[in-house]
Amino acid sequence: MTRLRKRFVDPPAPVVSSAGGYVLHLDEDQVDLVRFLRAAADALDPDASDAAIDAAERALQLWGEPFPGCVPSERLETVAVQARERFLRVLERLADARLERDAPGDAEAAAEAVLPHLPGHRDRERLVAAAMRALHRLGRTVEALAAFAETRRALRVDHGVDPGPALRELEAALLAAPRRLPTRHDPVVGRADLLAVVRARLDDPDRGALVLAVGEAGIGKTSLMRAARDEARIRGAITGAGAWNEADTPLTAWAEGLHDLGTPVPTRDPEFGRTVHRVLRLRAADAPLLLTLDDAHRADSASLGTLLSIARRGLPAGIVVLVAAREPDAVAHPRWEEIRADLVRLPGVHELAVRELDRAAVVELLRLRGDRPDDEAARSLWSRSAGHPLHLAALLDTLDDGGTTVPDRLRPLLAYQLARLPADCREVLEALSVLAPVSADALADVLGLEVRRVLQALRPAADLGLVVPDGPGYAFRHELTSAAAGERVPAPERSQLHRTRLGQLPPDAEPYERLRHATGASAMVPPHVVADARVAAAATARERGALVEALTLLEAAEDASDPVPARVQRGLVLQALGRLDESDDVLDAVVAEPTAPVQALVDAAVGADALGIAVAGRPRRLARLQRIRHLPLGRHDRVRLLRALIVEQQQFLGDAEADAMPELLALAVASPEDPRLQAEVALLRGNQLADEPVVVGERVRHAERAHGLAVATGDRELRLEAEELLVASLIAAGRVDDAEGLRAGLRVAADRHRHARSIWASLLVDATLLAARGEAEAAEAAAERARDRGVDLGIPDAFGAYGVHLASTRLLAGTLPSLNGLPAGAAAVYPHVAAWAGVAAADAAQAGDADAARAHLAEWTRRREGRPFRLFDRSGLCCAALAVFALGDVTAARTILAGLPPDPEAVLVVGIGAGTLGPVATYQGLALLALGESESARQSFKVAADLAGRLGWGPWAEAAVDLGRYAESGGGPLPFGLRALRP
């Protein structure tokens, strides 16, 4: 310390002792790292472009490796990593600023700055791009291309990826034109306020954002998105872009954008929305991220579901997803309009209206063109175009040719642009408008030309900005230009182009591409060709959760060469959409078809099962399953059939008649290596355990195992079912926080894939937990929402589950009689379900009707004979306990204790979450009171009160406390509206 103090003699040594060591007090201006960070902040300020070079150079002069000679520590390493990242961003900003300014010596200075750091940072594509541009401007194009090649090699070896699109485009530009590249993008004027909103959202330190840019066709939404990406890249952000087209495969825009970001996600991922959210979060860990998605009004339902999914989850700070959509439009887009209405109500979602340019923007456009910003010319242009960017661009193009007569409407303006092109260019452009998106190779094959000739023919259109490079070919800059070019192509010629392209497609071509060309060639190909393409595309749509689109395709595929698979698909889609009667009609007809292939028969009999178990059973499904049970099936199909058959047998048959379960268990024992078989058996067993006399810990362990097995199969249906099971099991074990976390993800996935029962189950649990906490009004509203949504989804038991909610909340309040006989009515509607007879007995006990209570209790006992531990049995045991206590029924009390073994952590959840009856120990205590075991009952009530208190379930805790006092004193007020009805 003495030596250290001697180093600071002027001013005196600022080293003082402190708790645990010494502190060096310095002015911030004396700390090199602080001075560097200040200069770096000035250099990276997007609003200080003129001073960026000076600030960056000042920062680089101050730079040195942080903390040389210091003892390593986690804190120092964290600060050092952050400082190095800031240094590299400053380096990139300096190089970009010099190349943009392009003054004498700037290219050389940029090269000298970045080249020494290039070998160790090949993964920073912005740095590589700056080096390439600088080398090219110095006439060292070969070295620039060599830098790209080395970067590509390093990325492939170290990360298994190729360079991003921007770097690949730069390489292509250098190869095609060994001259200085343009240093500036075409400017975007009149949009500073909109860009500022995007910038602010990207800079928000607290949360990310979904920004919706809406406006009419040609208003400049695409240009706005390009400008936002350009600005974000300059400021060091990662950017990606995607767009939707009418004939695209579901999720195409997401796939494009994620690939652009260097983080592709398989569109077959069963949890696509969840995965996208996770990938975006991880990708943005090191730098802000902007993803732009264009033409959302054309998006498929699966894509829109993903958009809603990530919005509901909320985007982390530093992530902005910018989505553009056409509004208003001449064509209605109901799916987009519905999703947009949901989106704008969510936190973190912002909507921007993209409107016409004002007169000042027109003046700025003239100035940037090099024209004298004449007020009269600006006024005339603004008046004639109404500030509409596309109209304005066409008018400005005519000024270049000295044109004086300009049509008033847009179509003539576009026709004028096209008429200026050479004949061979128009021919290729028209074919491109018909076939797009299409690669240059494929376009050349269709036209019977060399690829080079096709690219040369399109060069005049590219020079006018009508088309732009797009991967392996060209794409129209704006869809209205494409439409204008396409209108020039006669219908027979359009069909011929599509037929030629259809014939060239490989067998494994993407189904939606085949559909697009088959539909375009419909006038020249047999009807079954188009129908078969629709069936294949429908399968893809259904797989990705775009059910509405799948049904539309299937309903137009009546001419399919093999109609049976098409009918099966249609039945499954109808089932997933909740249109059960229609689905049963279609699937019954398939099973009755004598020539139907075995696979189609199994698919039709089993169904998609997105609606889950029906309390009343599904007799038509049972009949289909029994009809094909005798067929020789492979192991996988046999398991599917048996599992579905077990579910229906449990609803309609007694244990002695339900013979499918032993056969399934025998298959599982014989095939321990089959993950799907093991998962299906585990799920089935997990659902059965919900009503068997086992401790809840065992139920959770089994549910977790079933969930792990289901996830390992990669099957979306199995995973969603497993998550439903695990959510209900966790709540039953009192692990409500864990269940809530899992349920949030389940709801998002269910919405995206329109998995009816999982959507409904998530809403049921909302109502159940609100009621358990005593939030009665909110619980009622949530239960009504679940009921209505269930009806919309076609859930057979939507009203039945609402009845469960009413019964469970009224049982707690002691007001079951206010339901005017609903429990007894439900017992009649569901003759196979013993639980409703137990609820009816509790209802009569609360009403003081001993005879009715005995009758319902006897019916409950009768229904359980030969069918114990069936659906909702534990719920029936708990409800019957109220009547058992009131009547003093010793025999029934022993039955209840046998079905509800001691389990201090267990709460009763009805089904997948339709209601809760609170801690199980409460009902064990009531049975013990009926047996005269007051001390044991008191201990059970104490366990129940403690558990309910820990969960924050106030009403259930109060009920258990009151029962404990009653057990201790033999008198006092009773909860649940109970009274003694003993003779």
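Which residues point one way from β3 and which the other way, and are they buried or exposed? In this predicted model, local features need a pLDDT of at least 70 and side-chain atom pairs count only at pLDDT 80 or more, while totals for chains, interfaces and linings use all residues. Residues are numbered from 1 along each chain as its sequence is written, and side-chain values use heavy atoms, with hydrogens and water left out.

To take the opening question first, Ala-209, Val-211, Ala-213 and Gly-215 point one way from β3, Leu-210, Leu-212 and Val-214 point the other way, and all are buried. Here buried means under 20% relative accessible area, exposed means over 50%, and partly exposed lies in between (1.4 Å probe, protein chains only). Strands (E, at least two residues) and helices (H or I, at least four) are DSSP runs, numbered from the N terminus. Since seven of the seven residues of strand β3 (residues 209-215) are buried, this strand is largely enclosed by the rest of the structure.

The neighbours of β3 come next. Strands of a sheet pair through backbone hydrogen bonds, either parallel or antiparallel; two strands are taken to pair if DSSP finds at least two bridges between them. Strand β6 (residues 319-326) runs parallel to β3 and is joined to it by seven bridges, with Val-323 of β6 as the bridge partner of Leu-212. Strand β7 (residues 349-353) also pairs with β3 in the parallel sense, over five bridges, and here His-350 of β7 stands opposite Val-211.

These pairings belong to an open sheet of five strands, in the order β4-β5-β6-β3-β7, with parallel pairing. Its edge strands are β4 (238-243) and β7, each of which pairs on one side only. From one strand to the next, the twist averages 15 degrees. Strand β5 (residues 289-294) is linked to β6 by five bridges in the parallel sense, and Leu-290 has Val-320 of β6 as its bridge partner. Helix α10 (residues 221-234) lies across β3, β4, β5 and β6 and runs at about 165 degrees to β5. Helix α11 (residues 252-260) also packs on the sheet, where it touches β4 and β5, and its direction makes about 160 degrees with that of β4. For these values, contact means heavy atoms within 4.5 Å; axes are lines fitted to C-alpha atoms, for helices over the stretch in contact, and angles run from 0 to 180 degrees between N-to-C directions.

The expected span of a helix is 1.5 Å times one less than its number of residues. For the 12 residues of α28 this gives 16 Å, which agrees with the 16 Å between its end C-alpha atoms. The buried residues of α28 are Leu-580, Ser-583, Asp-584, Val-586, Leu-587, Val-590 and Val-591. They cover an arc of only 170 degrees around the axis, which puts them on the same side of α28; the arc is that of the directions from the helix axis to the C-beta atoms. These buried residues pack against α27 (563-576), α29 (598-606) and α30 (619-628).

In the loop between α30 and α31 sits Leu-631, which counts as buried at 16% relative accessibility. Leu-631 and Leu-601 are 30 residues apart in sequence and 9.6 Å apart in space, C-alpha to C-alpha. Not counting residues up to four places away in sequence, Leu-631 touches Leu-601 and Arg-638.

Charged pairs complete the picture. The structure holds 53 salt bridges, each being a side-chain nitrogen of Lys or Arg within 4 Å of a carboxyl oxygen of Asp or Glu. In helix α31 (residues 635-652), Asp-637 and Arg-640 lie three residues apart, about one turn of the helix. Their closest N and O atoms are 3.6 Å apart in a salt bridge, and both residues are buried. Helix α42 (residues 850-864) holds Arg-854 and Asp-851, also three residues apart, whose side chains meet in a salt bridge at 3.5 Å, N to O. Arg-854 is partly exposed, with a relative accessible area of 35%, whereas Asp-851 is exposed at 59%. Arg-862 and Glu-859 lie in α42 as well, about one turn of the helix apart, and form a salt bridge at 2.6 Å, N to O. Arg-862 counts as partly exposed at 47% relative accessibility, as does Glu-859 with a relative accessible area of 24%.
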